[in-house]
Amino acid sequence: MSFLRHPATILGCLNLSAIAGSTYYLRSHHTYNLEEFEARLDEIEGTLRGHIGLIEESLDRLEGKATEADRGKKMDEYYGKRGRDDKKS
């Protein structure tokens, strides 16, 4: 255990442990921020899809294509579709 008597060795081990600890902390913090960002984007996507549905319904009413029974169907359709888009490969 003579290598522990050298101050450079002790400082080197402390330095490596500090780097490892800070790397672990920053990684976990980054992962948390990514999850929060994804949740915010999902919320924005749902809001935009709902608005698109409302706009299309308004256009249909202006053009005389929609009936009173159709009110709210497109908004619910678009809003419920969020996050489930089929990607074509």
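Asp-42 counts as partly exposed because its relative accessibility is 36%, where partly exposed lies between buried (under 20% relative accessible area) and exposed (over 50%), with a 1.4 Å probe and protein chains only. The model is predicted, so local features need pLDDT of at least 70 and side-chain atom pairs count only at pLDDT 80 or more, while totals for chains, interfaces and linings use all residues. Residues are numbered from 1 along each chain as its sequence is written, and side-chain values use heavy atoms, with hydrogens and water left out.

Asp-42 sits in helix H1, which covers residues 7–63; helices are DSSP runs of H or I with at least four residues, numbered from the N terminus. H1 has 57 residues and spans 83 Å from its first C-alpha to its last. That is close to the 84 Å expected at 1.5 Å a residue, the expected span being 1.5 Å times one less than the number of residues. Just after H1, Gly-64 takes a positive phi of about 80°.

Patches are made of residues with over 30% relative accessible area and no salt bridge, like charges being joined within 9 Å and nonpolar side chains (Val, Leu, Ile, Met, Phe, Trp, Tyr) within 5 Å. Asp-42 belongs to a patch of negative charge on the surface, together with Glu-35, Glu-36 and Glu-38. Asp and Glu count as negative and Lys and Arg as positive, with His and the chain ends not counted; the place of a charge is NZ of Lys, CZ of Arg, CG of Asp or CD of Glu.

The nonpolar patch consists of Phe-37, Leu-41, Ile-44 and Leu-48, with about 390 Å² of accessible area together, as given by the Shrake-Rupley method with a 1.4 Å probe and, for residues, only the protein chains shown as cover. Phe-37 lies in H1 and counts as partly exposed because its relative accessibility is 44%.

The count of salt bridges is 1, a salt bridge being a side-chain nitrogen of Lys or Arg within 4 Å of a carboxyl oxygen of Asp or Glu. Glu-45 pairs with Arg-49 in a salt bridge, the closest N and O atoms being 3.2 Å apart. Both residues lie in H1, 4 residues apart, about one turn of the helix. An α-helix has 3.6 residues a turn, so residues three or four places apart point the same way. Glu-45 is partly exposed, at 26% relative accessible area, whereas Arg-49 is buried, at 14%.

Definitions and conventions:
Helices (H or I, at least four residues) and strands (E, at least two) are DSSP runs, numbered from the N terminus.
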